[in-house]
Amino acid sequence: MRVLVVQNYDNTGLGQVGAALAEAGADLDLRRPYQGDPLPQDAGEHDAMVVLGGGQNALADEEYPYFPALLELTRDFAEKDRSVLGICLGGQLLARAFGGDNHIGGATEFGWHKVSLTPAAKLDPVLAALPEQFPIFEWHDDTFALPENAVRLAGSAVAENQAFRLGRAVYGFQFHFEADTPMVRDWSTSFAATIAERHPDWNDRLDNELAGNGPEADAAGLAIARAWVATI
C-alpha cells in the first residue's frame, strides 16, 4: 500500500500511526507543503492519506495557501473510497473539507484528558474495541462542528467533537492518539518555550502525568492506529 502523508508543521511526526503503517509494510510518500512540497493532483497514485497536525488554525489560507488544494485532494480521496485520517489540525481541515464550521479558540486542552466514546463508536471498525472512556493526549485551542452526514464517535468535556467518520473510512480526530510517550517527551523538549508560556509547570508535572496516563493512552492510540490502517 502507498500512503500519502501530509505534514503541516515542523516536529509533527506519525508516531503510532507510523508504527502501524510500518507493521503493514506501507510505502510512505511524505509531503511538506508548508515548506513548498507540491501536493498530488488527485488520489490516483495512493491508497490512503494521513493529514497531520500543526500550530496554525484550519482557516489560515493566507499564511498557508495550499490549504484549499489540500481540501480538494481530501474530497478526491473520499470520492475514490480511499482511507483518510486527519489528526488535530488535520481533523479540523477534514471537517472543513466537507462543510463543517471551524471554531477558532474557546476549546483549549493540553496534556492527557479523558475522551468518551459515543454509542455509535461501539459499532465502528476503528473504535469498537476501545474502552468507553480513556485518557489521550490533547493539544488544541480550536474545535469544529460536524459536517453533514458525519458519524460522531467521541467527545470530551471541552470539545464535543473529538472523533468522527464520514463514509466508510474517512476519519477525523481532534485528540493526538499518535502521540505516545516518546513523542510527548520529544514535543515537551522541541516546543518547550511555547509550552512554558501557557503551562509553566509542565516540566514539573510531566513525569507524574506520564506515569498515570502514558501506558493506557499509548495502548489506546496504537489500537486506533492499527485499526485505521486495517481499513486501507
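Helices and strands here are DSSP runs, of at least four residues for helices and at least two for strands, numbered from the N terminus. The model is predicted.

**View 1. The open sheet of nine strands.** The strands follow the order β2-β1-β3-β4-β11-β10-β9-β6-β7, and their pairing is mixed. At the edges stand β2 (27-31) and β7 (133-140); each has a single partner strand, so one side of each is left without a neighbour in the sheet. On average, neighbouring strands of this sheet are turned by 25 degrees against each other, direction ignored.

**View 2. Strands β4 and β11 side by side.** Residues 83-87 form β4 and residues 170-173 form β11; the two strands pair in the parallel sense over four bridges. Opposite L85 stands Y171 in β11. Helix α3, residues 89-97, lies across both of these strands, and also across β3 (48-51), β7 and β10 (163-166). The helix runs at about 120 degrees to β4.

**View 3. Q56 in the loop between β3 and α2.** The loop that holds Q56 runs between β3 and α2 (67-79). Q56 has a relative accessible area of 9%, and buried means under 20%, so Q56 is buried. Its side chain reaches the backbone oxygen of N8 at 3.0 Å. Apart from neighbours within four places in sequence, the residues in contact with Q56 are N8, Y9, Y64, Y66, F67 and L89.

**View 4. Helix α1 and its cover.** Helix α1 spans residues 16-23, and its buried residues are Q16, V17, G18, A20 and L21. The elements that cover these buried residues include β1 (2-6), β2, β3, β4 and α6 (202-229). Just after the helix, G25 takes a positive phi of about 75 degrees.

View 5. A20 has its place in helix α1. Its relative accessibility is 4%, and it therefore counts as buried. Leaving aside neighbours within four places in sequence, A20 is in contact with A225, R226 and V229. In sequence A20 and W228 are 208 residues apart, while their C-alpha atoms are 8.9 Å apart in space.

**View 6. The packing of α2 against α3.** The axes of α2 and α3 are 9 Å apart, and the two helices pack at an angle of about 75 degrees. That angle makes α2 roughly perpendicular to α3. From α2, the residues F67, L70, L71, T74 and R75 take part; they meet L89, L93, L94, R96 and A97 in α3. The residues of this contact divide into seven nonpolar, one polar and two charged.

View 7. N11, a residue other than glycine, has a positive phi near 60 degrees. It lies in the loop between β1 and α1. With a relative accessible area of 43%, N11 is partly exposed. C88, also a residue other than glycine, has a positive phi near 55 degrees. The loop of C88 is between β4 and α3. At 3% relative accessibility, C88 counts as buried.

Methods: Residues numbered from 1 in each chain as written. Predicted model: local features only at pLDDT ≥ 70, side-chain atom pairs only at ≥ 80, totals over all residues. Heavy atoms only, no water. Pairing = 2+ DSSP bridges. Axes fitted to C-alpha atoms, helices over the stretch in contact; angles between N-to-C directions. Contact = heavy atoms within 4.5 Å. Buried < 20%, exposed > 50% of the residue type's maximum accessible area, 1.4 Å probe, protein only. Polar contact = N/O pair within 3.5 Å; in protein donor to acceptor, adjacent residues only side chain to side chain. Parallel < 35°, antiparallel > 145°, perpendicular 65-115°, else oblique. Nonpolar A, V, L, I, M, F, W, Y, C, P; charged D, E, K, R; others polar.
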